[in-house]
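This report looks at annotated positions and at the surroundings of a ligand. Please keep the sequence and the 3D view at hand while reading.

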Amino acid sequence: QMKFYQSGDEGAKLLPVSIKEWEERARKILAAGPFDYVNGGAGAGDTMRANLEAFQKYQIQPRICRNVEKRDLTIKLFGKSIPVPILLAPIGVNSILHPEAELAPAKAAAKLGVPYILSNVSTKSMEEVAEAMGDALRWFQLYPPKDHDLTNSFLKRAENAGYSAIVVTIDSTLLGWREKDLHNAYLPFLSGEGMGNYFSDPVFLSKLEEPPEKNVKAASKKALDEGNNTAFTWKELEYICQQTPLPVLLKGVTHPDDALLALEHGVKGVIVSNHGGRQLDGAVATLDVLPSICEAIENKIPVLLDSGIRRGADVMKAMALGASAVLIGRPYAYALGVAGEMGVREVIENFIAQTELQLAISGRSSIKEVDRLLVTDAYR
Ligand code: FNR
């Protein structure tokens, strides 16, 4: 949009601008199964809506007459410089959205220097994605398997393929009650979609009775069963942290006491997330719990947030309330379904442009100046 504003109407966009428009375009293009899979939430969708509404409780209170000619959105995470405080959230089974699957968002993120978090249940393997990304920053998300050999195999492969952090997602040891998917009888995984990391794993393959080519359903079920790790405890998290030199972040934290326990058990970062409202029906909105979690963590480790980020203003509000960075999920998934790599790139570029504009117009020249003073809830 910055480019558009600067060039007048040349280069006017045929692509959607707002995330709502991307969502509506995706609804038209995609079949009901995949669209609803991305779009839906758990139960009545209350948490998904609450995530969005939480951002309306805070307003930005700008300062004026400050020199904002030069603007700097860079942040540092785990010693690496990132051009903007935005990462692509792990989203599994991208083959239901686009034939290039995870390669498309991975390449779009790589070109813009935005870190890409590859899902454990990606259709492309972590090595294929790494190859498409070159030296660009990438993290690997793990649904902690029951089997420690498999855990260790995934961790080693991620290290070897140049992933620089591990995100352990803990809010999904059971799949949430997703009524649209139940209605559509839609679960893509059993036909082998989203199995890229399992079906390329020597440890996983060695434990199958028949190879996936012979019985894809049985192999996929076994992979899903590994992730249904309902016995997972803090001790298990500590075990994972001890197995890898990479920083481990815990994703799915919504309580300050859990954030502290995660810290105690060795994580190097937490991600305040309710999985975009897809898991626990009726759960708290992430922005609502962010301040208490940041207060508990006292800047000892980065606190990231996702679930409901749709605009530059949302990025700013989350940062003002203490987040070190944010993740975007559905916004790029819709764009992937509509326009592949180009769509994802467009969405990221628009997020960057909006965030920069918001920063400048609120009278800040650096993202470091975005603190609690930027937002107020006094006018609720
Ligand atoms: C997800 N999410 C997710 N999280 C994760 O850790 N591993 C995964 O494989 C997936 N898969 C996935 C698929 C789809 C279709 C969606 C929409 C989400 C959750 C994701 O990482 C993130 O937490 C939310 O998407 C953030 O909320 P918003 O931005 O979608 O509101």
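Where does UniProt place the feature "binding site"?

## Annotated positions

The model shown here is predicted, and the annotation comes from an unreviewed UniProt entry, which places the feature "binding site" at Tyr37, Tyr143, Arg178, His275 and Arg278.

## Tyrosine 37

Tyrosine 37 is part of helix 3, which covers residues 32–39. This residue counts as buried because 23 C-beta neighbours lie inside 10 Å, where a count of 20 or more is required. When neighbours within four places in sequence are left aside, the contacts of tyrosine 37 are with Ile96, Asp181 and Tyr186.

## Histidine 275

Histidine 275 lies in a loop, between strand 9 (269–272) and helix 13 (286–297). Histidine 275 has 23 C-beta neighbours inside 10 Å and therefore counts as buried. If residues up to four places away in sequence are not counted, histidine 275 touches Asp171, Ser172 and Gly252.

## The shell around the ligand

The ligand is surrounded by 24 residues, and the closest of them are Ala89, Gly92, Ser119, Gly276 and Gly329. Sorted by class, this shell is made up of nine nonpolar, 11 polar and four charged residues.

Among the elements that contribute to the shell around the ligand are helix 3 and helix 15 (330–361), each of which supplies at least two residues. Helix 3 is also the element in which tyrosine 37 is found.

Conventions:
Residues numbered from 1 in each chain as written. Predicted model: local features only at pLDDT ≥ 70, side-chain atom pairs only at ≥ 80, totals over all residues. UniProt positions renumbered as here; feature names shortened; annotations may be inferred. Helix = DSSP H or I, 4+ residues; strand = E, 2+ residues; numbered from the N terminus. Buried ≥ 20, exposed ≤ 12 C-beta atoms within 10 Å, placed from the backbone. Contact = placed C-beta atoms within 7 Å. Near = placed C-beta within 6 Å. Nonpolar A, V, L, I, M, F, W, Y, C, P; charged D, E, K, R; others polar.
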